[in-house]
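This briefing accompanies a predicted model of a single protein.

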Amino acid sequence: MAKQEREADKYVKDKWYQNIWYHYKVHICVVIFIAITAFAFIYSTTTKSNIDLYVIYITADPEVYGERISYLENTIGMFVEDVTNDGRVNVFVENIYIGPNHETDQVYKNKERIMTNLRAGTCFLILSDETGLEYLISSDTVCNLKDEFPENEIVGYYVDLRNTHFFERTLMEDWEGNIFMSLRHFRGTIAEMNSNSVKTFEHSKNVFLNIFNNKVLYGPEAEEESNDDTAE
């Protein structure tokens with residue numbers, strides 16, 4: 001005969017759980033919050049610590065297809081040095097939308113997010129579409145490129161990547177629309193006082209020039225140029 005659980009035992013078990021929650025719900029919530037926060041911090045640290053270049057890509061609408069962002073990251077990676085010395089190039093492109101066709105509150109939050117990330121001094125290379133570029137210039141966020149590259153034929157606040165060899169790369173050949181490349185203001189800002197920001201800015205400038213001058217560091221083309229130099 002199967003042993004049946006007494007009703008009194010069920011009551012005791014239920015009461016035990018209820019009492020725990022009643023007396024310790026604040027403690028339980030605090031522990032759960034701390035655990036989630038710790039996990040998020042550890043995840044963020046381990047995933048972002050090996051990033052060689054962080055890029056913000058500002059558009060009117062969010063990119064629906066993740067592979068388009070992946071195409072951008074991989075193509076930009078051809079021009080980026082392995083500054084983390086981990087044996088591979090890791091580019092992180094964050095797409096943030098600010099177009100008028102989206103909820104005003106969300107667009108406001110996204111603009112705040114852009115400015116917060118730029119103030120942090122961890123991102124200086126910025127990509128944008130027409131809407132993003134208009135926002136960057138109107139908010140006085142990007143620098144006059146002539147000031148940063150006086151020895152190159154680069155003027156204004158942006159470079160249209162359609163006027164470079166960037167879209168000739170295999171992953172970008174079918175890309176629709178323009179992409180504008182800019183640099184976040186650096187001179188005269190608090191970022192100049194931070195040694196890490198200084199390094200990040202110089203690194204971003206080098207990547208900017210590499211893309212503008214079509215100086216490929218990684219991939220088949222870089223290997224071909226290396227072989228040509230060796231042969232000479």
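**Overall organisation**

Read from the N terminus, the elements of the protein follow the order α-β-α-β-α-β-α-α-β-β-α-α. This amounts to seven helices and five strands. The model is a predicted one, with a mean pLDDT of 83 for the protein.

- A pLDDT of 70 or more is reached by 73% of the residues.
- Residues 37–48 have pLDDT under 50 throughout, and the model gives this stretch one contact beyond four places in sequence.
- The pLDDT is also below 50 over residues 226–232, a stretch with zero contacts in the model beyond near neighbours in sequence.
- The protein has 232 residues, of which 36% count as buried.
- Among contacts in the protein with a separation of 6 or more, 69% are between residues 24 or more positions apart.

**The sheet**

- The five strands make up an open sheet with mixed pairing, in the order β2-β1-β3-β5-β4.
- Strands β2 (91–97) and β4 are at the edges, and each has a single partner strand, so one side of each lacks a neighbour in the sheet.
- Seven bridges join β1 (residues 53–59) to β2 in the parallel sense.
- Within this pairing, valine 55 is opposite valine 93 of β2, and isoleucine 56 has glutamate 94 of β2 as its bridge partner.
- The pairing of β3 (residues 125–128) with β5 is antiparallel and comprises four bridges; here leucine 125 is opposite leucine 183 of β5.
- The pairing of β4 (residues 159–160) with β5 is likewise antiparallel, over two bridges, and places aspartate 160 opposite phenylalanine 180 of β5.

- In β1, seven of seven residues are buried.
- One side of β1 carries Leu53, Val55, Tyr57 and Thr59, the other carries Tyr54, Ile56 and Ile58, and both faces are covered.
- In β5 (residues 180–183), Phe180 and Ser182 point one way while Met181 and Leu183 point the other way; all of these residues are buried.

**Helices on the sheet**

- Helix α2 (residues 66–77) lies across β1, β2 and β3, and runs at about 140 degrees to β2.
- Helix α6 also packs on the sheet, where it touches β1, β3, β4 and β5. The direction of α6 makes about 150 degrees with that of β5.

**Aromatic pairs and charges over rings**

- The protein has eight aromatic pairs.
- Why does the pair of phenylalanine 149 and phenylalanine 208 count as stacked? The ring centres of phenylalanine 149 and phenylalanine 208 are 5.3 Å apart. The ring planes stand at 25 degrees, and the cut-off for stacking is under 30 degrees; the pair is therefore stacked.
- This pair links distant parts of the chain, its members being 59 residues apart: phenylalanine 149 belongs to the loop between α5 (145–148) and β4, and phenylalanine 208 to helix α6 (residues 195–212).
- Both phenylalanine 149 and phenylalanine 208 are buried.
- Lysine 205 lies over the face of phenylalanine 149, at 5.6 Å from the ring centre.
- A cluster is formed by Phe79, Phe166 and Phe167, which are linked by ring pairs.
- One of these rings, that of phenylalanine 167, has arginine 162 over its face, at 3.8 Å from the ring centre.

**Leucine 171**

- Leucine 171 is located in the loop between β4 and β5.
- Is leucine 171 buried, partly exposed or exposed? The relative accessibility of leucine 171 is 36%. Buried requires under 20% and exposed over 50%, so leucine 171 counts as partly exposed.
- Beyond its neighbours within four places in sequence, leucine 171 contacts Tyr71, Asn74 and Thr75.
- The C-alpha atoms of leucine 171 and threonine 75 are 7.0 Å apart in space, although these residues are 96 residues apart in sequence.

Conventions:
Residues numbered from 1 in each chain as written. Predicted model: local features only at pLDDT ≥ 70, side-chain atom pairs only at ≥ 80, totals over all residues. Heavy atoms only, no water. pLDDT = per-residue confidence, 0-100. Contact = heavy atoms within 4.5 Å. Buried < 20%, exposed > 50% of the residue type's maximum accessible area, 1.4 Å probe, protein only. Pairing = 2+ DSSP bridges. Phe/Tyr/Trp six-rings, centres within 6.5 Å; stacked < 30°, edge-to-face > 60°. Lys NZ or Arg CZ within 6 Å of the ring centre and 35° of its normal. Axes fitted to C-alpha atoms, helices over the stretch in contact; angles between N-to-C directions.
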